[in-house]
Amino acid sequence: MQKKYDAVIIGSGVIGCGVAFEMAKRGYKTLNVDKLGDAGMGSTSGSCAIIRFHYSTAEGVAMAREGYYYWLDWPKYLEKRDPDGMATFRNTGALVIKTPVNKNLARVKTALNEFGVGYLEVEPEDLHHYIPNVNLASYFPQKWVDDPEFGQPTAHRINGALWVPESGYISDPKLSTHNVMVAARAKGADFVFKAEVTDILRKDGRTAGVRLADGTKIEAPVVVNVAGPHSYVINRMAGVEESMNIKTRPMKQEVAHVPAPEGVDWERDGYMLSDGDIGCYSRPEVGNYFLIGSEDPECDPRLWVDNPDDYDMNFTDQYKCMVMREAMRVSDLRVPNQYQGVVDLYDCSDDWIPIYDKSDLPGFYMAVGTSGNQYKNAPVVGAMMAGLIDSCEQGRDHDSDPFQFYLKYTRRTLDVGFYSRNREINTDSSFSVIG
Ligand SMILES: Cc1cc2nc3c(=O)[nH]c(=O)nc-3n(C[C@H](O)[C@H](O)[C@H](O)COP(=O)(O)OP(=O)(O)OC[C@H]3O[C@@H](n4cnc5c(N)ncnc54)[C@H](O)[C@@H]3O)c2cc1C
């Protein structure tokens, strides 16, 4: 490892590696520093890696649509085959249930139309073609599991759904991150593991690099915070957190794996199901399982975590609640006594929309607050951050004259000011993992 770089990137998750690849392509000599043992071992490894388009803002849909093409184009985009294998996109399609939470998908349909995403309207009476042994009752507004009315329908029928065929998930999020690291290395990027950043160096009013736990100093005029659920720790180290209008905090999330109903080959035939009526999403998982996550209904407790290095990794009532909700829709879902799945952390922002921005410390940038919904966007974020950093280092004042990023596959321009740390809370957000 050299001691001088053009840029140090803190974190080697899917987004940190994406930033490295894109900066290396622009000629920056980069170093990613990660305290874990390999790329993608942080919250990326717990990701459900779902690729879907129904965000609550037009910008959210635009990013997801653009990201989709990077995944379709994966080996060509990376220009390098990983000897460990390449992650693949499983194009299963997605069924998105209409609910009052997503305003019956009216705004989503407008954005899908604008971005040329095809979909079918599915009437309630046709949902049995999609969901095995479907129960059409509505449970909105949802109840928490200890509410006496939990599990009681609130109306006899949901409003139908959209079927979006161009959706699915990535086979292995950790492998996909390794793919990006291999590609970045081929462009000259360096990576160091089991190395913890403990301080941000400053000189002449700007960032000057990082100090590691073993005392090593690495000099660099640019430092990028891509530390996932530790993002607030790094922002505090840099002294930039206090002046930010939008802040980030780690939140615990549980993901359940439960066996598919008897006689259903969900691993082969299943798809992504986003059911805002019960407040859950799901997708097929290896072993003929339903993988179930929460869409964070308002009634559910938020599991904020004070210390991302030391939190309770056991399953809680969140798990039980999600599985029972899914079983309300998929009547024959098997509910095992033994809990199986994943516990991990979101890096949650105040409005569940990420911060892709500079900071008040010149040379210090951040791609943080990914709020459980930015895996799919990682390659686009890498390209966008590299463009933003390049532009700011050449003198742009991004706060007063926001960088405009060209989405190369969908051929549109995105105002990166949308992701500003100093924005007002975006009230269009779902304030959930849907973004
Ligand atoms: C349970 C779960 C399910 C999800 N499902 C989806 C989904 O289906 N679709 C979707 O689009 N998104 C999903 N996400 C979100 C997505 O996975 C994240 O947005 C994405 O993985 C974040 O990547 P990252 O590189 O920013 O962070 P991370 O992968 O967390 O990487 C951050 C890295 O920084 C390192 N680090 C932190 N502090 C330091 C330090 N001081 N020194 C050195 N290194 C440090 C950590 O070790 C870590 O490796 C999900 C997330 C979770 C937790």
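Author: The side chains of Asn235 and Asn225 make a polar contact at 3.0 Å. A polar contact is a pair of N or O atoms within 3.5 Å; within protein, one atom must be able to donate a hydrogen and the other to accept it, and residues adjacent in sequence count only if both atoms are side-chain atoms. The model is predicted, so local features need pLDDT of at least 70 and side-chain atom pairs count only at pLDDT 80 or more, whereas totals for chains, interfaces and linings use all residues. Residues are numbered from 1 along each chain as its sequence is written, and side-chain values use heavy atoms, with hydrogens and water left out.

Asn235 belongs to helix H6, residues 231-238. Helices (H or I, at least four residues) and strands (E, at least two) are DSSP runs, numbered from the N terminus. At 1% relative accessibility, Asn235 counts as buried. Buried means under 20% relative accessible area, exposed over 50%, and partly exposed in between, with a 1.4 Å probe and protein chains only.

A backbone N or O atom of Val14 lies 3.3 Å from a ligand oxygen. In the side chain of Ser43, an N or O atom is 2.7 Å from an oxygen of the ligand. For Thr44, a polar side-chain atom lies 2.5 Å from a ligand oxygen. Taken alone the ligand exposes 1000 Å², and the protein buries 97% of that; these accessible areas come from the Shrake-Rupley method with a 1.4 Å probe.

H1 has 12 residues and reaches 17 Å from its first C-alpha to its last, close to the 16 Å expected at 1.5 Å a residue. The expected span is 1.5 Å times one less than the number of residues. H1 is mostly covered, with 11 of its 12 residues buried. Among the buried residues are Val14, Cys17, Phe21 and Glu22. Just after this helix, Gly27 takes a positive phi of about 95°.

H9, residues 378-393, has 16 residues and spans 22 Å from its first C-alpha to its last, close to the 22 Å expected. Because 15 of its 16 residues are buried, H9 is largely enclosed by the rest of the structure. Gly395 follows H9 and has a positive phi near 115°. The loop between strand S20 (364-368) and H9 holds Ser371. Phi of Ser371 is near 50°, a positive value in a residue other than glycine, and at 0% relative accessibility Ser371 counts as buried.

Another residue with such a phi is Lys194, with a value near 55°. Lys194 lies in the loop between strand S9 (190-192) and strand S10 (197-203), and at 71% relative accessibility it counts as exposed. A further loop, between strand S6 (120-122) and strand S7 (161-164), contains Pro141. The peptide bond from Phe140 to Pro141 is cis, with omega near -5°.

Finally, three strands form an open sheet in the order S3-S8-S4, with antiparallel pairing. Strands S3 (50-51) and S4 (89-90) stand at the edges, each with a single partner strand, so one side of each is left without a neighbour in the sheet. Two strands pair if DSSP finds at least two bridges between them; two bridges join S3 to strand S8, residues 168-170. In S8, Gly168 is the bridge partner of Ile51.
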